[in-house]
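I opened a notebook for this chain and wrote down what I looked up, in the order I looked.

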Amino acid sequence: MFTFNSPTKIVFGEGSAALAPKELVAMGVRRVFIVTGPGRTASSEALGALKSGLEKEGLRHYHFAEAEADPSIATVARGAASFKQEGCDSILAFGGGSPMDCAKGIGVSVAEGRPIEDFIGTGLAFTKPLPPLVAIPTTAGTGSEVTNAAVFSLESAGQKAKKGTAGSTLFPRLALVDPLLQVSMPGALTAATGMDALTHAVEAYLSRGANPVADMVCLESIKLIGANLRKAYENGEDLEAREAMARASTLAGIALSQAGLGMVHGFAHAAGALGGLAHGLANAIILPFMMQSYLPVAESRLIAIGRALTGASTMSAPESAKAVAELGSNLGIPPNLSAAGLDEALRDVVFDDAKGYKRRGQSPRLYSDEELYALYLRYWSASVTE
């Protein structure tokens, strides 16, 4: 028995972002709360055109441009206060995963009438629907435009931590996936976000929560990434590759909400919160090591992943893990966490945070803390080929 619930309406294709104003009008809203990061997206021509479109449809808007990477609970609280003060009734998230997660947190705080931290790691369930939420991704990685989850940074036991929360009310009502918005991504961001999407698809496919529908979605996402990520990295103007990566990212987002993730994300969250390592970069480094560790328990699934990624008709499970590492190397991904610049002094601190990851039990192989630490030491300083 399994459940597959992906209620977000998806409109995919070039120019789809321009449909946001009419879609919001159809939802019956009047004042839109726009959430972006503070960087170049906030002043982009695309966002300016979107604002003009809202105004032409008679919709007022307020722009909250404070969503930092891994949005903090303090930022979410400021956003919720601004939402209420400005009399908004809907949310439009425009950007990468962080603005979309921030928008979800603001929506929760407004709907529930309590801070987002009340729902992080407490077991408290969401009970009220969010204001209408439209998500427009400008990167191809997180898939947050179609997920029921969000990740935030907060203080835990005196140190910064990244913690997630999930619930059916967090699914955006509408995702407008427009590949034209992703053409300007620089190579390094293309690599990190693309490997983030690959990690979502691979972890969902290997998860103990996998199901037949999610499996098909995962393999299609992996296939698209294998055929197009290098092309998008080498030539950002390759619109065909950009479209394929946008599709792959959204598919992987659908899959992760249905099947769950595993310890790749457990370690990536800790490395990001404590060491400042970009999430997609951390995932890219850790993923092939974790795949190698699953050889005794997930051989057939690892083979399927390798075949989808490379298009090869024959592929062994060990070769599958090495293919992922090779893809990362082609994209400039460092071979281990130490090479990525993590301070040696953080090594045990990162592990102590990661071992408590709430989805640890969804990985296909269950480890004792000692076994997990031994594996962790490999991707701290070794390489997949060693």
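Which residues does Leu-19 touch, not counting residues up to four places away in sequence? I found Val-11 and Leu-176, where contact means heavy atoms within 4.5 Å.

Before going on I noted the terms of the model. It is a predicted model, in which local features need pLDDT of at least 70 and side-chain atom pairs count only at pLDDT 80 or more, while totals for chains, interfaces and linings use all residues. Residues are numbered from 1 along each chain as its sequence is written, and side-chain values use heavy atoms, with hydrogens and water left out.

**Entry: Leu-19**

I placed Leu-19 in the loop between strand E1 (9–12) and helix H1 (20–26). Helices (H or I, at least four residues) and strands (E, at least two) are DSSP runs, numbered from the N terminus. Leu-19 counts as partly exposed because its relative accessibility is 38%; buried means under 20% relative accessible area, exposed over 50%, and partly exposed in between, with a 1.4 Å probe and protein chains only. I also took the C-alpha separation of Leu-19 and Gly-356, which is 42 Å for 337 residues along the chain.

**Entry: the whole chain**

I counted 13 helices and 8 strands. The C-alpha atoms fill a box of roughly 60 × 45 × 45 Å along the principal axes. For 386 residues a compact globule would have a radius of gyration near 21 Å, and the 20 Å of the chain agrees with that. This radius is taken over C-alpha atoms, and the globule rule is 2.2 Å times the number of residues to the power 0.38. Buried residues make up 58% of the 386. Of the contacts between residues at least 6 apart in sequence, 78% join residues at least 24 apart.

**Entry: Pro-179**

I found Pro-179 in the loop between strand E8 (174–177) and helix H5 (187–206). Its relative accessibility is 0%, so Pro-179 counts as buried. Beyond four places in sequence, Pro-179 touches Phe-12, Gly-13, Glu-14, Leu-239, Arg-242, Glu-243 and Ala-246. From Pro-179 to Ala-304 I noted 28 Å, C-alpha to C-alpha, across 125 residues of sequence.

**Entry: two helix residues**

Ser-320 sits in helix H11 (residues 317–330). Ser-320 counts as buried because its relative accessibility is 0%. Leaving aside neighbours within four places in sequence, Ser-320 is in contact with Met-291, Leu-302, Ile-305, Gly-306 and Met-315.

His-279 belongs to helix H9 (residues 279–293). Its relative accessibility is 19%, so His-279 also counts as buried. With neighbours within four places again left aside, the contacts of His-279 are Lys-162, Asp-196, His-265, Ala-268 and His-269.

**Entry: helix H12**

Which residues of helix H12 (residues 347–354) are buried? I listed Val-350, Phe-351, Asp-353 and Ala-354. Seen down the axis of H12, these fall within an arc of 165 degrees, so they line one face of the helix. The arc is that of the directions from the helix axis to the C-beta atoms. Strand E7 (159–166), helix H8 (263–275) and helix H13 (369–381) are among what covers the buried residues of H12.

**Entry: Asp-70**

I placed Asp-70 in the loop between strand E3 (60–64) and helix H3 (73–85). Its phi is near 50 degrees, a positive value in a residue other than glycine.
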